Amino acid sequence: MRIKINSVTDSAAFPEQVDVIVIGGGIIGTSVAYELAKQGVSVALFEKGVIGGEQSGRNWGWVRQQNRDLYELPLAMRSLQRWEQLGEEIGLDLGFRRSGILYGTQNEADVARWEKWGAQAKQIGFVSQLLSAKEAGERLGDRARWVGGVWSPTDGRAEPSLAAPAIAVGAQKLGASVHQRCAVRGLDISAGRVSGVWTERGRVRASQVICCGGAWSSRFCKQYGIELPSANILGTAFKTTAAPEVIQGCLSMPELCIRRRLDGSYTVAVPGRGQLDLAPQNIRYATKFYPMYRSKIAKKLKLRLNGSFFNGPEAAGRWSNDGVSPFEKIRVLDPKPDGQILDEALRTLVSAFPELKGIAIDHAWGGWIDTTPDLVPVIDEMQNLPGLFIASGFSGHGFGIGPGAGLLCAQLMTNRALFTDITPYRLARFAKGNAIREPQMM
């Protein structure tokens with residue numbers, strides 16, 4: 001793999017029956033398993049590759065509330081609380097630090113949007129600090145004509161290489177069963193409801209199953225007539241060599257986003273840049289993505305036609321539970337990073353911070369980001385197939401809001417009081433005939 005993540009040891013005993021099965025070992029799946037096990041629920045987690053091997057180990061490592069879609073903000077706020085608690089509960093370092101997140105801009109329209117968002121977010125209970133041009137310049141330096149910024153001292157960062165593995169270990173300590181390189185091929189269905197799953201190692205019985213498969217979720221759900229609109233977008237990022245500290249936490253500025261890492265290096269990416277490989281799935285859902293495609297969010301995306309059309313998470317075709325599934329053919333999505341983005345980002349980084357002259361790329365990677373038409377996740381139970389839940393489509397925000405989403409899913413599956421209204425996350429919002437909400441401030 002092009003990333004480095006902590007390894008997790010599989011549980012010794014393979015289960016025959018549990019209360020809940022979690023499909024997918026990313027930040028969402030591990031968080032769901034942890035929260036369920038904490039409630040005393042018998043749970044088994046199955047990952048086709050390795051824990052945190054796909055996007056949960058490839059993201060920027062930002063843990064933010066600031067500039068979230070207002071529908072997502074309650075998830076983000078609860079997640080920050082869980083991030084702060086998890087390390088102590090589990091007894092492992094997830095790399096989480098409340099070191100703040102800073103945005104700077106040279107566009108007056110950005111400042112106006114931040115001001116409007118801040119007033120709305122304050123009503124929900126989150127407060128950030130709008131910066132004047134002078135204040136932005138003092139924080140960002142005078143290398144550009146800054147017109148303003150926004151700063152959240154309570155936001156933070158965490159290490160993707162540590163987080164999902166640590167949460168998986170925490171779930172194991174509470175009794176959860178974790179199994180890697182063991183794909184779930186499909187559902188076991190009895191009398192019209194979920195009764196377990198078929199893995200490549202055989203059947204496991206359970207009355208509830210939650211699909212947290214990220215880029216693979218939509219293809220899995222299609223087997224059962226469930227339309228989960230999703231497009232996978234390829235992002236590129238890299239880790240630098242160790243370098244002087246120019247920012248303690250996270251910084252977003254035009255054409256560059258950086259995060260200070262615990263080892264003295266940086267994670268660097270270019271906001272909004274990515275690639276969309278044309279495939280049957282995203283073509284089928286193209287009309288639902290029209291509001292996103294016409295917005296500025298999609299203007300920096302490259303479109304490409306390649307082998308992904310026939311093989312991968314967005315390809316067509318069915319399979320049986322007793323045959324090799326697509327999830328076994330590709331254990332870990334490990335795409336090549338975009339070399340053009342790498343070159344541009346490194347030049348921009350050194351231009352913005354001359355004191356980083358001599359910094360180099362330690363290693364780079366690509367990652368597939370499962371994206372919904374409105375950039376808000378799906379967290380829901382399938383009414384036409386009782387016992388099946390979905391937590392997917394986190395649109396590049398899953399790492400930061402994962403612990404809160406895990407808690408919300410656990411509350412939903414155990415019929416406990418929900419800490420926030422789940423209506424904005426219902427799959428039915430994408431049903432035929434419903435107007436799709438244009439993506440909001442992210």
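Visitor: How many cavities of 30 Å³ or more does the count come to?

Guide: Rolling a probe the size of a water molecule over the atoms shows where empty space is left. In this structure, which is a predicted model, the count comes to three cavities of 30 Å³ or more, and the largest cavity holds about 590 Å³ of space. Its lining is made up of 47 residues, of which Glu54, Cys212, Gly213, Gly214 and Ala215 lie closest to the centre.

Visitor: Which helices and strands each supply at least two residues of the lining of the largest cavity, and what is the make-up of that lining by class?

Guide: At least two lining residues come from each of α1, β2 (43-47), α6 (217-222), β19 (361-371), β21 (388-392) and α11, with β19 giving the most, namely four residues. By class, the lining of the largest cavity divides into 22 nonpolar, 19 polar and six charged residues.

Visitor: What volume does the second largest pocket have, and which residues are closest to its centre?

Guide: The volume of the second largest pocket is about 280 Å³, and among the 20 residues that line this pocket the closest to its centre are Asp277, Ser308, Leu333, Pro335 and Trp368. Strands β13 (231-240) and β17 (274-277) each contribute at least two residues to the lining, whose classes are nine nonpolar, six polar and five charged residues.

Visitor: Turning to the sheets, what is the strand order in the open sheet of six strands, and which strands are at its edges?

Guide: Strands of a sheet pair through backbone hydrogen bonds, either parallel or antiparallel. Here the open sheet of six strands has the order β8-β2-β1-β12-β21-β20, and its pairing is mixed; the edge strands, each of which pairs on one side only, are β8 and β20 (378-381). From one strand to the next the twist averages 15°. Helix α1 packs on this sheet, where it touches β1 (20-23), β2, β12 (208-211) and β21, and the direction of α1 makes about 170° with that of β2.

Visitor: Where in that sheet can I see the parallel sense and where the antiparallel one?

Guide: Strands β2 and β8 run parallel and are joined by four bridges, with Gln180 in β8 as the bridge partner of Glu47. Strands β20 and β21, on the other hand, run antiparallel and are also joined by four bridges, and there the bridge partner of Val378 is Ser392 in β21.

Visitor: Which way do the residues of β8 point, and are they buried or exposed?

Guide: In a regular strand the side chains alternate between the two faces of the sheet. In β8, Ser177 and His179 point one way, Val178 and Gln180 point the other way, and all are buried.

Visitor: Is helix α5 mostly covered or mostly open, and what covers its buried residues?

Guide: Helix α5 (residues 163-173) is mostly covered, with eight of its 11 residues buried, where buried stands for a relative accessible area under 20%. The buried residues of α5 are Ala163, Ala164, Pro165, Ala166, Ile167, Ala168, Gly170 and Ala171, and what covers them includes α1 (27-38), α2 (73-90), β8 (177-180) and α11 (398-413). Just after α5, Gly175 takes a positive phi of about 110°.

Visitor: Which residues other than glycine have a positive phi, and where are they found?

Guide: Two cases can be examined here. Asn67 has a phi near 65° and is found in the loop between β3 (62-63) and α2, where Asn67 is buried with a relative accessible area of 2%. Ser395, which is not a glycine either, has a positive phi of about 55°; Ser395 is found in the loop between β21 and α11 and is buried with a relative accessible area of 9%.

Methods: Residues numbered from 1 in each chain as written. Predicted model: local features only at pLDDT ≥ 70, side-chain atom pairs only at ≥ 80, totals over all residues. Heavy atoms only, no water. Buried < 20%, exposed > 50% of the residue type's maximum accessible area, 1.4 Å probe, protein only. Contact = heavy atoms within 4.5 Å. 1 Å grid on protein atoms, 1.4 Å probe; cavity = no way out; pocket = protein on both sides within 12 Å on 5 of 7 lines; lining within 4 Å. Points joined across faces, edges and corners; volume = space filled by probe spheres on them. Nonpolar A, V, L, I, M, F, W, Y, C, P; charged D, E, K, R; others polar. Pairing = 2+ DSSP bridges. Axes fitted to C-alpha atoms, helices over the stretch in contact; angles between N-to-C directions.
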